[in-house]
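Then let's walk through it together, one piece at a time.

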Amino acid sequence: MMSGRPLIAWGGPLALLAGIFWLSLFSWSPVPIGSWQAISALLPGKVSVLSQALVLNLRLPRSLVAILLGASLAVAGCLLQTLTRNPLASPSLLGINAGASLAMVVTSAFDPSWVAGYSIALLAAMGGGLSWGVVMLLGRGWDTAGDRSRLILGGVAVSALCAALTRATLLLAEDHAWGIFHWLAGGIAHVRWREFWQLLPFSILLLPLAWLFASRLNLLQLSDDSARTLGIRLGQLRLLVNLVVVLLVGSCVSVAGPVAFLGLLVPHMARAWIGNDLRLMLPIGMLFGAVLMLLADLLARAVAFPAELPAGAMLALIGAPCFIWLVRRRT
Amino acid sequence: MKKPALTLAILLMLVALVLLLSVRYGSETLSFADLHRALQPADSHYFALVEYRLPRILLALLVGAALALSGVLVQGVIGNPLASPEILGVNHAAGLMSIGALMLFPGLSVMWLPLLAFIGALLAFALLRLAAGNSAPLRLALLGIALTALYASITDYLMLSHPLEINQALMWLTGSLWGRGWAFVYVALPWLLLLLPLSLLLCRPLDLLALGEEQATTLGINVRHAQQLILLLALALAAISVALCGPLSFIGLLAPHLTRRLVGGRHHWLIPGAMLIGALLLLLADLLARTLHPPLELPAGVLTAIIGAPYFFWLLMRTR
């Protein structure tokens with residue numbers, strides 16, 4: 001744990017993020033971009049070279065979106081794990097990702113004109129909230145005496161159902177099913193500035209909001225009863241935090257598709273790095289999430305260069321063994 | 001009061017009915033007169049019926065029965081209501097092995113797929129045992145799901161990095177009977193004709209195992225031996241099914257439970273009953289998959305998941 005040495009604890013991840021961000025601006029590009037050109041393109045002034053235009057119009061928005069995505073999903077994972085006191089809770093395992101994608105796919109099958117801007121993010125959030133509601137209510141998710149595995153298995157079952165319905169809708173309604181499979185794996189190969197601006201308001205609003213809940217959520221880590229005695233209104237807090245989580249996940253899914261495992265892994269990394277205090281864990285989690293997402297995107301470019309794979313597929317490859325390890329470690 | 005013989009007879013009739021419907025309906029509806037004529041090679045429907053529809057219907061029958069049986073055997077040994085080849089990750093491992101082999105050696109004959117899938121299934125089970133030991137039901141299921149996620153993510157990766165034809169890819173992701181011809185039936189038939197009756201010989205040890213290990217030992221069977229044999233058989237059945245049709249989900253979970261409610265827990269009723277129900281489920285799923293929106297076709301695995309996932313959820317809530 002690094003909480004005793006703040007310089008390393010915060011400086012390390014920040015430096016790492018900066019380094020990977022810089023790397024993501026120029027590496028593995030079909031058109032060679034120099035490492036210096038990547039920086040000079042960011043400085044104010046006229047863009048003269050093709051590679052600089054590439055950096056400004058393709059690489060920069062993509063890397064920024066990766067940072068926002070990673071931060072949002074990491075925060076969503078931290079909040080979920082605190083809220084359910086379940087170390088395996090995460091947007092993908094509790095069915096939020098699958099519900100959000102289903103909502104998007106069904107909407108686009110009925111009326112493609114909806115699939116743009118903020119409305120689709122809200123729709124995805126609604127779908128995610130719905131499927132999560134099913135998991136929590138039918139799965140007795142608030143029942144702390146129950147087995148923790150049950151909630152996760154319930155989430156997996158609801159995800160399986162949503163995924164099947166999503167595939168069925170896609171196959172029946174879409175002409176180019178193959179492209180959609182790339183989307184369903186989750187990735188950011190297609191993002192431009194438009195997607196960045198679509199994601200930004202959600203992140204700017206919700207990430208600080210999540211941090212404001214941190215001190216009250218800290219009390220929740222003890223037990224429901226002790227939180228109540230300390231004057232926390234549990235129902236209200238849960239509702240608000242759920243809302244934040246669902247909106248964060250919805251905005252991410254609407255831009256990048258269902259990116260799995262990031263929300264599961266980052267909270268554990270952050271906890272190991274800085275400890276259980278959510279006020280510190282959330283910002284560190286954002287940093288780690290951003291680093292991990294950028295890294296996954298870099299890897300996705302690197303392994304199949306000059307083609308590209310969805311970053312979500314790379315994250316799943318990294319995340320699934322960690323998931324197994326987490327299941328074994330607990331209980 | 002349960003009357004197992006009557007129930008089985010009704011199930012048999014239902015299977016026959018759905019078989020008949022499956023032969024008639026598809027992207028094109030054939031009347032009975034058409035069907036009769038189509039059996040002649042000169043007829044215009046001959047190809048659609050004999051080369052396309054019949055083999056896949058037969059395969060649905062066989063694979064549905066095999067998957068259901070595999071579920072019965074696994075549940076009989078592990079004594080866990082949530083255990084079934086797909087939940088334990090066996091199906092996806094077998095699928096991963098098959099797809100991996102097909103990508104490495106594109107000219108590979110389908111003859112080899114069952115064997116490779118069986119190796120994959122064995123490895124997956126060994127890995128699960130290694131990771132889980134003798135865990136409580138929910139934890140075992142969770143580990144199985146985690147391993148499934150691993151196999152699925154590798155399958156996804158292979159699929160995305162070596163783009164396939166879409167129906168082909170869907171088959172290996174969710175299981176489907178699309179485009180399965182006689183060659184596949186011939187591969188499946190000898191194995192399944194051997195393994196399906198063999199399982200009926202295991203009724204007594206299965207019944208005894210249901211009493212608990214100590215009781216079973218007192219009553220004179222070698223528990224470890226019987227368990228190993230039954231599990232091997234279950235893995236082989238699941239692997240053959242997956243090698244031919246991809247990782248079809250939830251039939252191996254759903255069919256045994258449904259059958260147990262209909263005919264009770266004695267295995268000499270349970271095994272044939274589950275095979276019938278499994279066949280019925282897959283035939284229905286495939287029929288729906290072909291007729292919902294012709295000429296487009298859904299993978300049958302999507303439909304079995306739409307029925308099976310809610311059932312799994314419900315089962316989960318009842319399991320302690």
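Let's begin with pLDDT, which is the predictor's confidence in each residue, from 0 to 100. Chain B averages a pLDDT of 87, and 98% of the residues score at least 70. For the model, the scores are ipTM 0.88 and pTM 0.90. This is a predicted model, in which local features need pLDDT of at least 70 and side-chain atom pairs count only at pLDDT 80 or more, while totals for chains, interfaces and linings use all residues. Residues are numbered from 1 along each chain as its sequence is written, and chains are lettered from A and ligands numbered from 1 in the order in which they are written.

Start with chain A. You'll find 14 helices and zero strands there; helices (H or I, at least four residues) and strands (E, at least two) are DSSP runs, numbered from the N terminus. The radius of gyration of chain A is 20 Å, close to the 20 Å that the globule rule gives for 331 residues, so chain A is as compact as a globular protein of that length. That radius is taken over C-alpha atoms, and the globule rule is 2.2 Å times the number of residues to the power 0.38. Along the principal axes, the C-alpha atoms of chain A fill a box of roughly 65 × 55 × 35 Å.

Now zoom in on one helix. Helix 11 (residues 234-256) of chain A has 23 residues and reaches 32 Å from its first C-alpha to its last, close to the 33 Å expected. The expected span is 1.5 Å times one less than the number of residues in the helix. Just after helix 11 of chain A comes G257(A), with a positive phi of about 80 degrees.

On to chain B, which has 14 helices and zero strands. Its C-alpha trace spans about 65 × 50 × 35 Å along the principal axes. Of the 320 residues of chain B, 51% count as buried. A residue is buried if 20 or more other C-beta atoms lie within 10 Å of its own, exposed if 12 or fewer, and partly exposed in between, with C-beta atoms placed from the backbone.

Why is helix 6 of chain B largely enclosed by the rest of the structure? It's because 18 of the 25 residues of helix 6 of chain B are buried. This helix covers residues 137-161 and reaches 36 Å from its first C-alpha to its last. Among the elements of chain B, helix 7 (residues 166-174) has the lowest mean pLDDT (74), and helix 13 (residues 267-291) the highest (92).

Next, look inside. A nonpolar core is a set of buried Ala, Val, Leu, Ile, Met, Phe, Trp, Tyr and Cys residues joined through C-beta atoms within 7 Å. The largest one has 220 residues, of which A121(B), A239(B) and I240(B) touch the most other members. Leaving aside neighbours within four places in sequence, A239(B) is in contact (C-beta atoms, placed from the backbone, within 7 Å) with residues including A94(B), P114(B) and F118(B).

Finally, where do the chains meet? The contact takes 36 residues from chain A and 31 residues from chain B. On the side of chain A that touches chain B, the largest share, 16 residues, comes from helix 6 of chain A. By class, that side has 27 nonpolar, five polar and four charged residues. Here Ala, Val, Leu, Ile, Met, Phe, Trp, Tyr, Cys and Pro count as nonpolar, Asp, Glu, Lys and Arg as charged, and the others, Gly among them, as polar.

Conventions. Contact = placed C-beta atoms within 7 Å.
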